[in-house]
Amino acid sequence: MASPKRRVAILGSTGSIGTQALQVIAAHPDRFEVVALAAGSNAPMLAEQVRATGATIVGIADAAAASELAALLRAPSASQPDSASRPASADQVEILTGVEAAVQIAGESGADVVLNGMTGSIGLRPTLAALRSGATLALANKESLVVGGALVAEAVQRPGQVVPVDSEHSALAQALSSGRHERGLCSLPGPGQSALSGASEVSKLVVTASGGPFRGWDAAALAGVTPAQALKHPNYAMGRVVTTNSATMVNKALEVIEAHLLFDIGVEDIATVVHPQQWIHSMVQFADGSTIAQAGHPRMLIPIALGLSWPDRLSEVDVPIDWTQAMQWDFEPLDEQAFPAVALAKQACAASPTHMAVYNAANEQAVEAFHAGRLSFPGIVSTVEATLARYSPAGSAGELSLEEVLEAERWARAAADELIGAAKVQVHA
Ligand SMILES: NC(=O)C1=CN([C@@H]2O[C@H](COP(=O)(O)OP(=O)(O)OC[C@H]3O[C@@H](n4cnc5c(N)ncnc54)[C@H](OP(=O)(O)O)[C@@H]3O)[C@@H](O)[C@H]2O)C=CC1
Ligand SMILES: CC(=O)[C@@H](O)[C@H](O)COP(=O)(O)O
Ligand SMILES: [Mn+2]
């Protein structure tokens with residue numbers, strides 16, 4: 001019997017993850033139905049997506065862009081003038097605005113699967129809303145998990161409710177499925193499962209890293225890096241923040257903590273290895289000495305498709321690797337002197353439940369300042385480090401609350417801005 005169509009809501013539909021998710025869905029119309037879309041401000045693309053998918057709920061954070069969106073939905077489409085079966089007028093589409101729009105869509109659109117493809121910790125409340133609604137959360141927005149930590153774990157209602165879309169974590173989930181590990185089906189601990197309670201054959205998670213555009217560079221060379229150089233990822237076309245984070249290795253730092261939270265493995269048992277080709281998306285080492293690696297082209301289609309269809313695999317999502325061809329895969333250790341972001345995150349994660357919220361918020365401020373020409377490239381991670389050094393958590397006896405996380409973030413953004421303002425930065429155009 002054919003499985004029923006999954007109703008999907010996509011947060012961040014106009015971004016790199018969102019547009020690729022819509023490609024996957026368009027290729028499998030028998031499996032998915034798009035019920036809701038949300039974006040920040042790109043009204044023209046969002047209007048086209050609404051027409052193409054037939055989504056009846058649409059969210060746009062920017063108020064001015066919301067008026068543009070309504071006008072665009074009232075006008076006939078240039079690319080689909082005769083899309084009679086699709087809702088063609090603003091009257092047939094519910095338009096939500098402001099930052100609450102994504103939260104409402106995540107929690108109230110009736111989706112079976114919510115794909116969180118927003119950028120930044122602004123994705124935290126939508127992540128919580130999706131989990132509390134009972135929907136499956138296909139999680140690309142790693143920041144929400146990393147800053148929310150125990151709060152996100154508390155919101156999980158059933159094992160398998162969180163399906164990682166981040167390529168490394170999709171790979172880990174796939175590899176873990178081949179062994180005995182309670183968290184093998186990519187679930188955060190559910191209610192009453194705060195610690196690993198069953199047998200685990202896993203000894204180590206190995207997260208692969210591209211090394212970014214500055215692999216092999218020393219600290220002196222990194223001082224002169226420009227935003228344009230930082231935005232040239234060796235393998236992936238992604239949004240600006242995650243691409244910059246790949247260049248500083250903050251992306252890998254967030255991913256180590258993401259793996260720790262998703263799979264309930266101590267950070268000391270999560271290794272990183274630089275693999276410039278990124279054909280291996282990550283690996284699991286088992287107690288008997290075996291390593292299971294997941295491989296594929298360095299593209300996001302398969303992790304996104306698995307996020308939407310888990311545990312099923314869709315057909316022909318991407319072309320397989322041609323194993324008849326000669327190829328070379330390299331591996332090298334991460335240079336922690338030049339790129340201290342991962343070590344810094346492991347320390348922060350151990351320090352308190354809100355330290356990673358501070359780490360991420362300081363990084364978000366620093367990345368913005370770097371792109372605005374107000375901070376040097378090495379200044380990004382130095383700002384994170386200096387912000388963490390100033391931080392003393394308020395400390396609470398009970399469970400971590402959303403307000404504590406948001407307060408830690410507010411404090412960190414102000415502290416980071418002050419540090420950035422005080423830094424005597426030599427800006428490179
Ligand atoms: N791109 C990739 O290959 C990978 C990305 N990820 C992670 O996925 C997430 C998304 O990355 P990526 O797609 O590259 O980022 P992009 O910058 O390309 O896209 C971000 C999306 O979020 C939307 N957005 C911004 N603010 C809001 C808001 N308030 N409400 C709803 N939507 C909003 C943007 O809309 P608008 O366009 O209108 O501004 C855009 O659609 C990040 O957490 C990233 O780390 C993880 C692995 C791989
Ligand atoms: C595709 C994906 O998942 C990105 O997070 C990617 O992994 C970035 O790679 P690096 O951070 O290793 O450069
Ligand atoms: Mn990744």
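Some housekeeping, friends. What we have is a predicted model, where local features need pLDDT of at least 70 and side-chain atom pairs count only at pLDDT 80 or more, while totals for chains, interfaces and linings use all residues. Residues are numbered from 1 along each chain as its sequence is written, and chains are lettered from A and ligands numbered from 1 in the order in which they are written.

How confident is the predictor? On pLDDT, its confidence in each residue from 0 to 100, the protein chain has a mean of 92, and 90% of its residues reach 70 or more. Please be careful with residues 184-198, though: the pLDDT there is below 50, and beyond near neighbours in sequence this stretch has 34 contacts in the model. A contact here means two C-beta atoms, placed from the backbone, within 7 Å. For the complex, the ipTM is 0.99 and the pTM 0.95.

Now the overall picture. The protein chain holds 17 helices and eleven strands; these are DSSP runs numbered from the N terminus, helices being H or I with at least four residues and strands E with at least two. Of its 429 residues, 50% count as buried, which takes 20 or more other C-beta atoms within 10 Å of a residue's own, against 12 or fewer for exposed and partly exposed in between, with C-beta atoms placed from the backbone. Among contacts with a separation of 6 or more, 70% come from residues 24 or more positions apart.

E1 is mostly covered, with five of its six residues buried, and confidence is highest in E1 (residues 6-11), at 99.

On to ligand 2. The residues around ligand 2 include Asp166, Glu168, Tyr236, Lys252 and Met300. Helices H8 (167-176), H11 (240-248) and H12 (250-263) are the elements giving two or more residues to that shell. By class, the shell around ligand 2 has four nonpolar, five polar and three charged residues.

Let me finish with strand E10 (residues 280-286), where six of the seven residues are buried. Strand E8 (residues 202-209) is joined to E10 by four antiparallel bridges, with Lys204 opposite Gln285. E10 also runs antiparallel to strand E11 (residues 291-295), through five bridges, and there Ile280 is partnered by Ala295. What lies between E10 and E11? The two form a hairpin with four residues between them, and Gly289 in the turn has a positive phi of about 100°.

Technical notes
pLDDT is the predictor's confidence in each residue, from 0 to 100. A residue is near a molecule or strand if its C-beta atom, placed from the backbone, lies within 6 Å of it. Ala, Val, Leu, Ile, Met, Phe, Trp, Tyr, Cys and Pro count as nonpolar, Asp, Glu, Lys and Arg as charged, and the others, Gly among them, as polar. Two strands pair if DSSP finds at least two bridges between them.
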